[in-house]
Amino acid sequence: MMAQYLALKQQAGDCLLFYRMGDFFELFFDDAKIAAQVLDIALTSRGEHGGAPIPMCGVPVHSAEGYLARLIKAGCRVAIAEQVETPEEAKKRGGSKALVARDIVRFVTAGTLTEEALLEPRRANVLAAVCEVRGAIGIAACDISTGRMELEECAPDEMGAALARLGASEVVAPESWGNAPIDCVPRPNRLFGSDEGETRLKAVHGVSTLDGFGQFSRAMLAAAGGLVAYLDHVGRGALPLILPPVAREAGTHMAMDEATRSSLEILVSSSGTRRGSLVEAIDRCVTGAGARLLAEDLSAPLTDTRAINRRLELVSWLHDDPLLRGDIRGILRSLPDVGRALGRVVAGRGSPRDLGQLRDGLSEARRLHDVLRARSDRPGPLDEMLPSLSGHGALCDLYARALVPAPPTERSQGGYIAEGYDAALDELRRVSGNARRAIAALEAKYRDDTGVAALKIRHNGVLGYFIEVPARHADRLMAPESGFTHRQTMAGAVRFNALALHEEASRIAESGGHALAAEEAHFEDLVGHAVRAREAIAATAAALARIDVAAGQAERAAEGGWALPRVVDEPCLEITGGRHPVVEAALAAKGERFVANDCCLHPQDRLWLVGGPNMGGKSTFLRQNALIVLLAQAGGFVPAQAATIGLVDRLFSRVGASDNLARGRSTFMVEMVETAAILSQATERSFVILDEVGRGTSTYDGLSLAWAVAEAIHSINRCRCLFATHYHELSRLAEACDSLSLHHVRAREWKGDLVLLHELAEGPADKSYGLAVARLAGVPAPVIKRAKSVLEKLEKGRAATGGLAAGLDDLPLFAAAIEAAEEKVDALRERLNGLDIDALSPREALDLLYQLKAQANG
C-alpha cells in the first residue's frame, strides 16, 4: 500500500495528498504533520518506513469539505486520490490480496473551487495566469465557479495594478520568469505559448477561429494557454465551465495600484475583513451574484462616460420608483445562485439540487422578465437585458417534470426523479416498495412463529437484510427444523437468515439497483441539456446580477439621501455636501451626525493644501472625495448633495503607511515608493490624495520633500490633488503656484479644551493644536506642560531666524530648477561624449579628469 501511496505522492508534488481508505481520507508523513497542525486533529502513527513509525492522520469522507476549506484558507493545496475500482474488480484483476487501484482524480486549490461549501457567496473566486510576451504582459482571469473569463494586456509596470484589481485567489506563471508575482504557482514555460493558447481556446469552445469572440493579442493568448492548461491539470482532464473569453481593453477602467486600494479600504478594511470596508457600507444586493458583481464594479470603475451614464440611468430609474424596486428585490431575494449552480453542473460536480436551482432560478428570471416588460418607461440598458431573462421555457418545463420539488444534494441514494416522469422507474420503485412492505410482514410473521417479540429484521452494508434476536432467545431459532440459518453472533444478540427473507432482499436489491441506475441515466441526460444551454443560462445569471446591483445601489441611495452624480469629460471635481460613506454609517450607528464638506477643483484651482489638527478630519475629507469619484465612475449614486465628476483615468491615494518588513522597507521607505509611483504615473486627468508626505523623516528632510512633491504635482503632473500637511511653511507655495489654494479643517480651544469642528474652511491653519490633541489622548499633564515650554522656546527661535522656510522665497520654481540642472549636466555629458578615450595618454587623461571635476563643481 505504501508503494502505491508514494507513487501517488510523487504525482501530487507539493500538494497534500488525501488518500482514500474506506470511509476516510488518510494523510501520511509530512502531509499528516501539516494537516494535523492546521486542522487541529490527532496525529498518530502506523507501521514503519525506513525504520521509523509513519506519521498519519485522517478525516471522514462525508465531512471532508469542511476540512478542505480550512486547509485551502491556510494556503495549502490538496490532491484527492480516490479508489478507481471496486474491491470485487480488484480481486478479479489480481486475486484475493490485490490492492484496490487508486488515482488522483482532482487537485483542490484556492483558485479552482466550485463547491458551494468552499466558496464565499458574496465574493468572486478568481484564478489568474500571467506571462510576458515581447515586452507585454498578458493576463487571463477566470472565475470557474461561474465560467467568466477575461483576457487583457498591459505594460510591465502596470501588472501590479491589474493583479490588485483582480484580487485573484491564485496566480499561475511561467516557472523561469524572473518578474513573476510573489507566491505564484510556477508552471512549465511551454504551456504559456500564444499558439498553444489559441489551440486550447478553440478546442474548449469547439470553434475553428476565435474571431467571433474578439481580437486577442499574443500576450493574451499565451496567458490563456497557461490558464486552461492549469485547469486541465487540476481537473485531471475534466475542464470546468469556461465561457467564451472577453477582451478587456486598455484604458477602459480606472487604474488603481495596490497601495491605493488598501488605503481606501474598497473591498477589505485595514483589519483584513469585509467589515468596515466600502463594499460593506454600500452593499444592499439580495443575491450573492449581485454582491460579487458590485465588488467587481468597485474594483474596476469605468472611464467611459457613456458606459457610466448607462449604469446610472438604470439605477436612477429604480431609485425613482420605490414600489417597483421593492417588487424586483422581492423576486431576486428568492433566487438561487444560478451562475454557480451552472458552474458545478458543467464541471461534473453538480447534484440534483443544482439542477433544481437552475429550474427555480430560470423560472423566477422569466417572472422578473414579465414584471419588467409590463413597464413602458424602461431605460435602454434594461431593454437590452430583457431577452436574456427569458428563452428557457423548454428547459424549465423539462426540469419541472423530471425533478422532485426539493431535490437532494446527493444522488447516490436516488429519490430525485419525480414520479410520473418515467413509467419504468415508477414500476421499479413499486416493486421495491412492495418488497419492503413484504419484509415488514415477514417480521410480524417470524415473531408469531417463534414467540420472540424482540425479533427484528435489520439491514447493514455488509450482511444486507438479516434477522436479529437477543442472545437469550437464540436457541429457538437454532433448532434444525426452525427454517433459520445462523449468520453472526454478537455480544448480546444473534443474527440469522431465512429463505423468504433472502428472496425479498434480492427483489429489493435488484429493483433498487435498477431504479438507481435509471435515475443516474436521467440525471446525466438532464445535465446534458444544461451543458448545451450553458452560454444562454450564464447570460441570464449575468443579467440578474446586474439588475440586483442596480436595485441595490438605488436602495442604498434612497436610504442615505445620496445624489445622482453628473459625469463629464472636463478635468473638474465639484462636490457639494460630500460625506464619507463608511464613517457616516459608523457615526449613524452611534447616533452621531457626519459633518459634510464641499470640494471644488478645476484647472485654475486644482491643488488644495489642507492643514489643521490631527483628528480634525483631514484624512476623512481626502478619502471621502476619492471614494465619491470611485462610486460615481462605478455607476452608482454618491454620498453628497450634488456632484459633478470630471472623468478620472487614475486614482492615487497615499494616506497612511506602515512597515513592510517582508520586503525590508521602513514606513518612510513605503511612503516614498508610493509617492514615487504617483509622480511618475499621474496624468492631467488623474486624481491624487496625499496625506502628510515627509512625516517619516527629520523635520528639514520632510519639509523639503513635501515642498518638492507639491511643486511637482502642481507644475509637472498638473492633476487634481488634495494635499494634507502639518507643515505651515508650505503655505508660501500659494504665492508662487497659481493653481494652488490653502484650506484647513476648523478647530477651537475652549477653556483649555480642543473642540474639533470637522469643517473645511479657506485659508491656512492658524496653528497645529498638537499639544491639545495630546491632552485629549491622555498624555500626562507634566509631559504636556514640559512640551509647552519647549514649544515656546522653539517658536522664539523660529521668529528670530525666519523659521524653517527661511530663504525659500528665493528658490526658483520646480520646473525652472529642473531645467537649470539639466542644462548643467548636459554640458558635461556633451564634453564626455566627444572624447576619444583610446587616444589619450595617461597624463592627458589625468589632466582631463581635473578639468571635468572643476567643470562639475561650477
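Reader: How many helices and strands does the secondary structure of the protein come to?

Author: In this predicted model, the protein has 858 residues, of which 48% are buried. Its C-alpha atoms fill a box of roughly 125 × 80 × 70 Å along the principal axes. Counted over the protein, the secondary structure comes to 29 helices and 26 strands.

Reader: Among contacts between residues at least 6 apart in sequence, what percentage join residues at least 24 apart?

Author: A contact here requires heavy atoms within 4.5 Å, and the count takes in pairs of residues at least 6 apart in sequence. Of these contacts in the protein, the share joining residues at least 24 apart is 67%.

Reader: Which strands stand at the edges of the open sheet of 4 strands?

Author: The order of the strands in this open sheet is β17-β21-β18-β19, with mixed pairing. A strand at the edge has a single partner strand, so one side of it is left without a neighbour in the sheet. The strands in that position are β17 (566-568) and β19 (597-601).

Reader: Which residue of β21 stands opposite R566?

Author: Strand β21 covers residues 642-646, and β17 pairs with β21 in the parallel sense over 3 bridges. Within this pairing of β17 and β21, the residue of β21 that stands opposite R566 is T644.

Reader: Is strand β9 mostly covered or mostly uncovered, and how many of its residues are buried?

Author: A residue counts as buried when its relative accessible area is under 20%. Strand β9 runs over residues 148-154 and is mostly covered. Of the 7 residues in β9, the number that are buried is 5.

Reader: What is the bridge partner of L151 in β12?

Author: In β12, the bridge partner of L151 is A247.

Reader: Which elements each supply at least two residues of the lining of the largest cavity?

Author: The protein has 2 cavities of 30 Å³ or more, and the largest has a volume of about 40 Å³. The lining of the largest cavity consists of R106, F107, T112, I144, L231, V234, G235, A238, P240 and R349, which divide into 6 nonpolar, 2 polar and 2 charged residues. The elements that each supply at least two of the lining residues are β6 (102-108) and α7 (218-234).

Reader: Which elements give two or more residues to the lining of the second largest cavity?

Author: About 30 Å³ of space lies in the second largest cavity, and by class its lining has 3 nonpolar, 2 polar and 2 charged residues. The residues that line this cavity are D257, A259, T260, F652, S653, E674 and I678. The elements giving two or more residues to that lining are α8 (258-264), β22 (651-654) and α23 (667-681).

Definitions and conventions
Residues are numbered from 1 along each chain as its sequence is written. This is a predicted model: local features need pLDDT of at least 70, side-chain atom pairs count only at pLDDT 80 or more; totals for chains, interfaces and linings use all residues. Side-chain values use heavy atoms; hydrogens and water are left out. On a 1 Å grid over the protein atoms alone, a cavity is a set of points where a 1.4 Å probe fits but cannot get out, and a pocket is an open set with protein on both sides within 12 Å along at least five of seven lines; lining residues have an atom within 4 Å of a point. Grid points are joined across faces, edges and corners, and a volume is the space filled by probe spheres set on the points. Ala, Val, Leu, Ile, Met, Phe, Trp, Tyr, Cys and Pro count as nonpolar, Asp, Glu, Lys and Arg as charged, and the others, Gly among them, as polar. Two strands pair if DSSP finds at least two bridges between them. Buried means under 20% relative accessible area, exposed over 50%, partly exposed in between (1.4 Å probe, protein chains only).
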